[in-house]
Amino acid sequence: MSAVSSRLPVFPWDKLEPYKATAAAHPDGIVDLSVGTPVDPVPDLIQRALVAAANSPGYPTVWGTPQLRDALTGWAGRRLGARDVAHANVLPVVGSKELVAWLPTQLGLGAGDRVAYPRLAYPTYEVGARLCGAEPVSYEDPTELDPAGLKLLWLNSPSNPTGRVLDKAELTRIVAWAREHGVLLFSDECYLELGWEAEPVSVLHPDVCGGSYEGVVAVHSLSKRSNLAGYRAAFLVGDAAVLGELLQIRKHGGMMTPAPVQAATVAALGDDTHVAEQRARYAARRTALRAALEGHGFRIEHSEASLYLWATRDEPCWETVARLAQLGVLVAPGDFYGPAGDRFVRVALTATDERVEAAVKRLG
Ligand SMILES: Cc1ncc(COP(=O)(O)O)c(C=O)c1O
């Protein structure tokens with residue numbers, strides 16, 4: 001048996017364990033700002049929708065209930081400004097991580113194909129390429145890539161880990177380049193609702209894609225906007241031919257969003273109030289942490305959106321991780337996201353107000 005896992009990078013979070021132990025030994029406990037996992041409650045209206053659908057004995061469908069598809073198309077029109085989104089343009093997925101990891105396989109990519117993603121990026125784009133035996137390639141500017149053999153191009157705006165936002169002009173230029181070279185473009189927009197000093201734009205906005213979804217798909221997740229990481233709720237919007245193909249494959253593979261989660265997603269996408277409330281929590285934490293980090297000698301780059309501050313003391317990232325662990329604060333080393341991050345750390349805004357206050361005090 002040839003181990004597929006041998007193609008994959010070392011699971012990076014294991015390397016952080018000793019620093020976690022140091023931080024946990026702080027007398028006032030650890031402030032864990034390493035993983036971007038939501039800590040605030042699931043909004044009541046979403047919990048109620050989940051519970052109301054608890055009696056779901058039958059199999060759900062991969063494409064989702066008509067109500068779910070209506071919610072997805074309606075939200076894409078309302079929130080992204082996407083025009084004429086039909087049911088054929090949407091597809092639920094079981095959280096976006098599985099999609100990122102298995103998309104190249106489900107597209108039939110393999111040896112000889114190339115999959116590209118940003119130089120500093122969420123590690124699962126590379127994992128997806130490696131799982132199917134394609135060649136992973138990272139870029140600074142995707143339009144400088146050699147398009148030969150390039151089958152899938154990932155964008156991620158706002159970016160994890162840097163919080164950088166691609167503006168309309170940049171997105172438009174990249175979409176045009178991808179179309180010109182026949183490269184399928186997937187835009188991971190899971191932080192779109194979390195713009196602070198920039199207004200993130202979807203690749204599906206008519207100014208960007210020209211009102212046609214040909215060769216373009218956006219990935220959205222409810223994990224961050226609605227505190228639903230535990231529910232596994234995400235979806236795709238875009239090119240009907242690509243989504244139709246994925247639907248066939250995912251039906252055979254049984255990749256169904258559980259029925260109660262589908263119902264919860266409908267409720268979540270129909271409500272903007274909880275999104276605004278959650279944004280306000282993150283905005284306050286961001287302001288407090290940013291000031292404390294800057295006061296402690298950090299410089300913050302980008303970070304105009306997303307759930308993270310991308311911070312540096314102009315020293316190797318593991319030195320910064322060690323220094324903060326001594327203060328009981330755990331952050332993610334920038335090299336988890338690519339060698340270019342080796343002098344940065346990623347500081348997540350996903351801790352309770354009480355823990356953020358503790359971090360601010362310790363940095364002061
Ligand atoms: C850029 C990016 N894409 C996708 C995901 C996966 O999110 P989920 O699987 O919860 O939808 C994450 C999670 O942190 C992320 O940062």
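Reader: How do β9 and β10 pair?

Author: Antiparallel, over three bridges, with β10 covering residues 308-312. This is a predicted model, by the way. One of the pairs is E301, whose bridge partner in β10 is W310.

Reader: And which helix packs on that sheet?

Author: Helix α10, residues 273-295, which touches β9, β10 and β13 (345-348). The direction of α10 makes about 5 degrees with that of β10.

Reader: OK, zoom out a bit. What's the strand order in that sheet?

Author: It runs β9-β10-β13-β12, an open sheet of four strands with antiparallel pairing. The edges are β9 (299-301) and β12 (332-333), and each has a single partner strand, so one side of each has no neighbour in the sheet.

Reader: I'm looking at L309. Where is it, and is it buried or exposed?

Author: L309 sits in strand β10. It counts as buried because it has 27 C-beta neighbours inside 10 Å, and the cut-off for buried is 20 or more.

Reader: What does L309 touch, leaving aside its neighbours within four places in sequence?

Author: R286, L289, R290, L293, I300, S303 and V347. R286, L289, R290 and L293 have numbers that fall within α10, which spans residues 273-295.

Reader: Start from the β2 side. How does β2 pair with β8?

Author: In the antiparallel sense, over four bridges, with β8 being residues 234-238. V93 stands opposite A234, and V90 has V237 as its bridge partner.

Reader: What about β7 and β8?

Author: That pair is antiparallel too, with five bridges, and β7 takes in residues 216-221. There, H220 is opposite F235 of β8.

Reader: Why is β8 described as largely enclosed?

Author: Because five of its five residues are buried, the rest of the structure largely encloses it. Both faces take part: A234, L236 and G238 point one way, F235 and V237 the other, and all are buried.

Reader: I keep landing on V237. What are its contacts beyond four places in sequence?

Author: L72, A76, A82, V85, N89, V90, L204, A218 and H220. Among those, V90 is also the bridge partner of V237.

Reader: Which residues touch the most other members of the largest nonpolar core?

Author: V237 is one of them, along with L153, L185, V203, L204, A264 and V347. That core has 120 residues, and its largest share, eight residues, comes from α9.

Reader: Back to the sheet, at the β4 end. How do β3 and β4 pair?

Author: In the parallel sense, over five bridges. V115 has P136 in β4 as its bridge partner. As for β3 (residues 114-118), five of its five residues are buried, so the rest of the structure largely encloses it.

Reader: Now helices. At what angle do α2 and α9 pack?

Author: About 150 degrees, with the axes 8 Å apart. Here α2 is residues 44-52 and α9 is residues 259-269. The crossing, as α2 passes α9, is right-handed.

Reader: Which residues meet there?

Author: From α2, L45, I46, A49, L50 and A52; from α9, P260, A263, A264, V266, A267 and A268. By class, that contact has 11 nonpolar residues and no polar or charged ones. A264 is also among the residues with the most contacts to other members of the largest nonpolar core.

Reader: Last one. Where's D167, and how exposed?

Author: D167 is in the loop between β5 (150-156) and α6 (168-180). It's partly exposed, with 13 other C-beta atoms within 10 Å. The C-alpha atoms of D167 and A198 are separated by 8.6 Å, though the two are 31 residues apart along the chain.

Conventions
Residues are numbered from 1 along each chain as its sequence is written. This is a predicted model: local features need pLDDT of at least 70, side-chain atom pairs count only at pLDDT 80 or more; totals for chains, interfaces and linings use all residues. Axes are lines fitted to C-alpha atoms, for helices over the stretch in contact, and angles run from 0 to 180 degrees between N-to-C directions. Helices (H or I, at least four residues) and strands (E, at least two) are DSSP runs, numbered from the N terminus. A crossing is left-handed if the near helix is turned anticlockwise from the far one by less than a right angle, and right-handed if clockwise. Two residues are in contact if their C-beta atoms, placed from the backbone, lie within 7 Å. Ala, Val, Leu, Ile, Met, Phe, Trp, Tyr, Cys and Pro count as nonpolar, Asp, Glu, Lys and Arg as charged, and the others, Gly among them, as polar. Two strands pair if DSSP finds at least two bridges between them. A nonpolar core is a set of buried Ala, Val, Leu, Ile, Met, Phe, Trp, Tyr and Cys residues joined through C-beta atoms within 7 Å. A residue is buried if 20 or more other C-beta atoms lie within 10 Å of its own, exposed if 12 or fewer, and partly exposed in between; C-beta atoms are placed from the backbone.
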